[in-house]
Every structure is written in structure tokens, then in C-alpha cells.
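Student: I'm new to this one. Could you show me the structure and then help me with the terms used for it?

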Amino acid sequence: MFTKPRDLDRSGQRLCCALSLVFLAAAVFLGDHFVFGRQGDNLCESLRLASSTWDWLILAVILVALTQQLYLRVTHGAAQPLPVPNVRKLCDEGASLRNRAVVQDVPAVLQGRASVKASVASLNQALDRLSKTGSPEEAECLVDEFERRCGTPEAVTYNLVLRAHAKKGNYQAAGYWLSHMEKKGVKATVCSYNTVLDACAKASNSQACEDFLEKMLASGLEANVISYATVISAFAHQGHEASAENWLRHMIGLGIKPDTVCYNSLIHACSVKGRVEAAERWLEEMQNRSVAPSVTTYATLIDACAKAGDLPRAETWLMNMLDIGIKPNIITFGAIISACAKACDCERAEYWHGRMSSLGVRPNVRTYSALINACAKAGKVQAAEGWLKELEEVGLHGDAVLYSTVIDACARAGDSDKALSVFKDMKARGIRPHVVTYSALARPFAYRGSWHEVEKISQDMLHNGDEPNEYFVYVQILSYATAKPRQADRAERVFREAMQRGMEANGHIIASLSRAVGRKRASELVAEICGVTAHVSRRGGMAKKAAR
């Protein structure tokens with residue numbers, strides 16, 4: 001019932017204590033008057049009067065409590081200093097110790113030790129650190145507490161909260177705080193809107209980005225090149241080249257000169273779709289407007305050529321880049337080597353890999369992957385295996401896809417022993433194979449009828465927790481078909497098990513099944529298990545219709 005002492009200041013505590021003493025003294029006086037002042041009364045009457053005395057004591061206690069509550073209401077309703085906040089409670093319970101240390105730098109004005117101006121600066125420093133550590137919730141908590149106790153902060157304070165949300169792509173929360181600061185009478189700045197636009201772009205929401213830009217323009221603010229570049233980038237990265245171009249033309253019409261970021265975004269939009277000519281036109285316009293292309297510009301253009309499968313064009317642009325003195329980066333070389341891989345040109349891939357090293361650009365897993373892929377597609381197994389070993393020797397680590405590529409190259413060359421050796425090395429390095437790896441490993445054994453090895457691979461795959469896919473079932477049935485003698489019963493069993501798991505009998509599976517059990521039996525199995533009548537041709541094709 002009583003208010004805790006820390007909820008009252010010292011004067012309040014003294015007043016409540018004084019009132020308590022007054023009420024208690026009055027109760028004692030009344031008790032003395034009614035009980036001890038009447039010596040002639042009998043015992044029963046004395047007890048009755050003593051009971052009344054206790055009523056007075058209880059009433060005194062109640063009056064003391066009510067007095068405290070009344071005092072709190074009166075004093076807190078006036079413009080009196082507020083209690084010192086518990087700054088540790090400003091963080092969520094799950095906040096890290098590092099962020100709690102940051103929050104302890106909360107403005108000193110909240111503790112009554114500094115001016116509002118000095119405290120806003122301290123608040124902004126704390127918010128800056130919270131935004132960098134990715135703690136928007138704690139930043140919000142600080143600002144809420146500041147507003148409640150000290151009033152409305154400045155625009156920079158709100159911008160820091162916006163930046164904390166933008167870093168994580170929380171565009172909805174950023175939009176809320178933009179509206180909140182305006183409702184508080186703080187005019188949003190160009191920086192405020194640009195931060196919200198950045199949050200929308202990070203969230204890949206081009207429509208929200210456009211809406212906030214239009215709201216910015218309607219408010220009377222003049223958008224700058226960063227504002228337009230952000231919206232153009234948002235549309236371009238979603239493949240909406242037309243919308244991105246519309247905003248580019250709009251900013252040019254307003255007399256705002258586009259920067260490299262604007263044109264790079266448009267070139268990227270063309271690159272995603274492999275539209276080389278359109279990307280080249282943007283580069284030409286960029287140069288005509290005296291906007292200097294960057295290494296990202298050329299890397300994106302080369303990537304467009306790679307996606308289009310135009311290796312000579314990609315090499316031309318890379319040479320042009322070198323001629324004008326722009327040093328290619330790892331992304332540029334990754335794009336050109338990928339173009340070589342798509343063209344199955346191992347020699348050019350190795351050339352550009354060597355050129356990259358000579359320019360001091362350190363290869364990464366992506367460039368090695370593209371190089372190994374180029375060698376594998378060209379059927380150069382030894383080269384692919386050699387580059388894989390070099391990757392491990394330089395301290396990089398391959399993944400299941402990379403090892404599967406080399407195993408597949410060995411399988412295409414019919415070198416089952418080499419494929420098995422690479423597979424064992426992969427597992428020894430702690431890399432978990434997947435069904436594609438197992439399928440590639442099983443294929444060379446299937447071609448030579450080594451069904452025992454294929455079954456071992458199947459068991460290892462199941463032990464690894466992977467279910468066979470359509471291609472693996474095809475390979476396993478093929479191993480029974482090419483075995484000497486053929487293993488028709490085993491092929492039929494694998495086919496039945498696959499169909500019971502819900503797998504669809506595609507043309508490749510039916511073709512291998514017909515080779516293993518014969519066309520007639522294959523047709524009967526398909527009709528029995530799949531519910532269709534089928535006729536398997538000599539080439540393994542299948543004509544089927546629904547069973548009646």
C-alpha cells in the first residue's frame with residue numbers, strides 16, 4: 001500500500017513522515033482519552049472502547065497512504081524533475097553486453113547533469129554506435145525515452161534511427177519513423193528520405209522506393225543524384241529496365257547529372273538478361289555525358305557477354321578496359337573465365353587466370369570454380385584435377401559442387417578410378433556429398449556394368465541421408481542392363497521401389513528398364529505400377545495412354 005521511498009524525493013518523505021506522526025499522535029490521544037480517562041467504567045466497556053481505538057489507528061494508517069498518493073499526483077502533475085531513469089532497462093533483456101555498454105552512454109540530461117544541447121549530442125553518439133552494430137530496437141528505445149523525458153530531439157537524431165533500420169532493410173520501420181519525426185514537428189531532410197530509399201532498395205522493394213521518392217518530391221524537397229540513383233538501382237536489380245530508364249530521363253530533365261551508379265544499374269539490368277547490345281548503348285551514353293566508367297561498369301558489361309555466350313566480345317571489352325588504364329578486379333576476371341567455361345574453352349580460361357595472377361589479383365573460389373568448369377567441359381580431366389589441388393594448396397576450400405564437377409569430368413572420360421579417388425578425397429576433407437555427386441560417381445561404373453559398385457554407392461548415399469533422384473535411378477538400372485549377365489530382377493526391384501516413393505517414370509528410366517528387362521516386360525511393369533498402358537520402342541522411347 002505504501003509508496004516505496006525511492007518514489008518520493010526527500011521533501012516528500014519528510015512531509016509524509018510528519019503527517020504520519022500527527023495522525024498517530026491523534027490516535028494515541030483519543031485512545032488515552034477514551035480508555036484511560038474513564039476509571040469508573042467496567043471491564044466490558046473498557047474493552048469496547050479499546051476496540052474503537054484500534055479503528056482510529058487503522059484509519060490513521062489509511063490516511064497516511066492516501067496522503068502519499070495525493071502528494072505524488074500533485075507533484076508529478078507539475079513541472080518537477082522526473083526520477084532518474086534506469087538506463088539498463090532501455091535495452092531489451094536479450095541485448096548483448098556490448099550494446100548495453102553503448103546504452104550506458106545515454107545523455108546525461110536524463111540524469112539531470114547536463115544541458116539539453118549537450119545531451120542531444122551524447123544521444124546521437126550512442127545512436128550512431130547502435131546503428132553501426134545493427135541494433136535498431138535499442139536505438140528506438142533511447143529516442144522514445146528521450147522524447148518522454150526531455151522533449152523532441154533534432155532531425156539528425158531521427159536520421160540515425162532511420163539509418164539503423166536501413167542497414168537491415170527494414171523499410172516499413174524506417175517509413176514509420178519518417179512519419180513520426182514529421183508528426184513531432186521535425187522537418188525531414190533530404191538525408192532522411194535518402195535513408196528510407198536505401199532501406200527500400202535493400203529490401204528489393206522498388207515500388208516502395210518509388211513511392212517514397214514521389215512523397216519526397218511532393219513535400220517540396222529537392223531530390224539529389226543519390227535519391228534518383230537509389231530508385232534506379234532498385235528497379236534495375238529487379239530487372240525493370242523501363243522503369244529505371246524513366247527515372248533516369250526524369251532526373252536528366254530536371255538538370256541533375258547522372259553518376260556512374262545510375263548507369264551501372266542500367267547496365268546490370270541488361271546483363272541479367274544477356275542483352276549485350278543494350279548494355280553497350282548505356283556505356284556509350286555514359287561516355288557521351290562525360291561520366292567516367294568504373295571497374296564495375298566493365299565487369300557488368302563483360303558479365304552480360306558471358307551470359308550471352310559471346311566470349312570474343314567479352315575479351316574485347318576486357319582488353320579495352322586494360323587499354324584505358326582501369327585495372328580489372330576479381331569480379332571482372334571471374335566474369336571472363338565464366339565466359340570461357342560457357343564456351344568450353346579451357347585454354348583461354350587458363351590464359352586469363354594467369355593474367356589475373358600477373359596483375360596481382362588473388363584468385364578466389366569463384367574463379368577456380370569457373371576454371372575447373374571450363375576444363376571439365378572441355379574434357380580435360382587432368383587439368384581440372386590439377387586446378388582443384390592448387391585451390392586446396394593456396395588455402396582455399398572447395399565445396400560439393402566443385403568436387404562434383406571434377407567427378408563428372410572423370411565420369412565423362414570413363415575414368416571411374418579417378419572419379420572414386422576424387423570422391424574419397426572429398427569425404428576426407430569433410431565435404432558432404434549430395435545426390436548429384438553420387439550420380440556423377442555412379443555413371444562410369446554403370447556404363448561398364450559394375451552394378452556391385454553402383455549398389456555400394458547407393459548404400460553410401462542412403463547412409464548419408466540422401467534419396468536417389470530420377471537420374472540416379474536411371475544410372476542404377478543402366479548398370480543392371482549393361483552387366484554380364486543382365487540383372488533383370490534387380491532392375492525391376494529398383495524400378496518398383498522408385499515408383500513407390502512417388503517418382504515419375506521418365507523416358508530415360510523407361511529406356512534403361514527396357515534394356516534390363518526387355519521391352520515387353522518394361523511395358524507390363526509400367527502398366528502395372530504407373531497405371532498406364534505403354535509400348536516401348538526399340539530406341540527406348542515410350543508411347544503411353546491412360547489405362548481403362
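Tutor: Gladly! This is a predicted model, where local features need pLDDT of at least 70 and side-chain atom pairs count only at pLDDT 80 or more, while totals for chains, interfaces and linings use all residues. Residues are numbered from 1 along each chain as its sequence is written, and side-chain values use heavy atoms, leaving out hydrogens and water.

Student: Why is D128 called partly exposed?

Tutor: Its relative accessible area is 21%. Buried means under 20%, exposed means over 50%, and partly exposed is in between (1.4 Å probe, protein chains only), so D128 counts as partly exposed.

Student: And what makes K132 exposed?

Tutor: K132 has a relative accessible area of 54%, which is over 50%, so the word exposed applies.

Student: How do you know that D128 forms a salt bridge with K132?

Tutor: Their closest N and O atoms are 3.3 Å apart. A salt bridge needs a side-chain nitrogen of Lys or Arg within 4 Å of a carboxyl oxygen of Asp or Glu, so this pair qualifies.

Student: Why is D466 called buried?

Tutor: D466 has 13% relative accessibility, which is under 20%, so it is buried. R432, at 47%, counts as partly exposed.
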